[in-house]
Amino acid sequence: MVKAPELKITFLGTGTSSGVPMIACDCAVCTSPDDKDKRLRSSILVQSKTTTLVVDTTPDFRTQMLRENVRKLDAVIFTHPHKDHIAGLDDIKAYNFFQHQDMDVYANQLTQEALHRDYFYFFTENKYPGIPSVRLHNISSDEMFWVGDIPVIPILVYHLKMPVLGFRFGDFTYITDANRIEESEKEKIKGSKIVVLNALRKKAHISHFTLQEAVDLVEELEIPEAYFTHISHQLGLNKKINEELPSHIHLAYDGLVLHV
């Protein structure tokens, strides 16, 4: 395993595509006064002493960057092309302006096709002033790459039939929007000190791990510490669910910081 520098991981958002609270919902979770039950769309910030990257740009990207006062951003890495993971990319234009350079964006071919469709104006010959500027890098599940001094190992997972990329950064592994991982890809996760998995709700779902499925995977891989993300209001109250989980497994929450 390639050695990574000491990393700071910040959970920018831990909610599913609708966020929590969900619009027009009066359930106990959506009306909870607990800040840990308020979840923006799922994304993390990964920082070393010299490099800062974000995994996914959600519809809440601007709010997340302002909340965490992120003054410098070196790269965006995408897991997959669903809207709740790419919809905030236009707001990288602020970093273009202040950093005077294109933003490095890492994505698989499927996601790049979506970026070209949704952000066609990024890629026109005659750009209107102020349009975001990106430098696309193709990534695949079988090739490690570097962002600054941070090594990134892609992990292929499946969101029903859609290939999605999880990522391992040293001893930390981040996986979202998955309900199946092949044995060969599980080998890339083994040995992680911390793993993050999606755990949408308790009831079975067509393309996401349930809470129990996520717990079972953590135990199977013998991961010493785990956090769950991409959480729906259907899962339940943060405090109550945490009390039900094994002591080494927790629900992540917006603003949570880990040091690896």
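Is Arg135 buried, partly exposed or exposed? Arg135 is partly exposed, with a relative accessible area of 35%; buried means under 20%, exposed over 50%, and partly exposed in between (1.4 Å probe, protein chains only). This is a predicted model, in which local features need pLDDT of at least 70, side-chain atom pairs count only at pLDDT 80 or more, and totals for chains, interfaces and linings use all residues. Residues are numbered from 1 along each chain as its sequence is written, and side-chain values use heavy atoms, with hydrogens and water left out.

**Overall fold**
- Seven helices and 14 strands make up the secondary structure of the chain, where helices (H or I, at least four residues) and strands (E, at least two) are DSSP runs numbered from the N terminus.
- Of the 260 residues, 53% count as buried.
- The C-alpha atoms occupy a box of roughly 55 × 45 × 35 Å along the principal axes.

**Salt bridges**
- The structure holds 16 salt bridges, each defined as a side-chain nitrogen of Lys or Arg within 4 Å of a carboxyl oxygen of Asp or Glu.
- One of them joins Arg135 and Asp102 (3.7 Å, N to O).
- This pair links distant parts of the chain, 33 residues apart: Arg135 lies in strand 6 (residues 134-138), and Asp102 in the loop between helix 3 (93-99) and strand 5 (103-107).
- Asp102 is partly exposed, at 29% relative accessible area.
- Glu244 pairs with Lys202, with the closest N and O atoms 3.0 Å apart.
- Glu244 belongs to helix 7 (residues 238-244) and Lys202 to the loop between strand 11 (194-198) and helix 6 (211-221), so the bridge ties together parts 42 residues apart in sequence.
- Shared partners join Asp102, Asp104 and Arg135 into one salt-bridge network.
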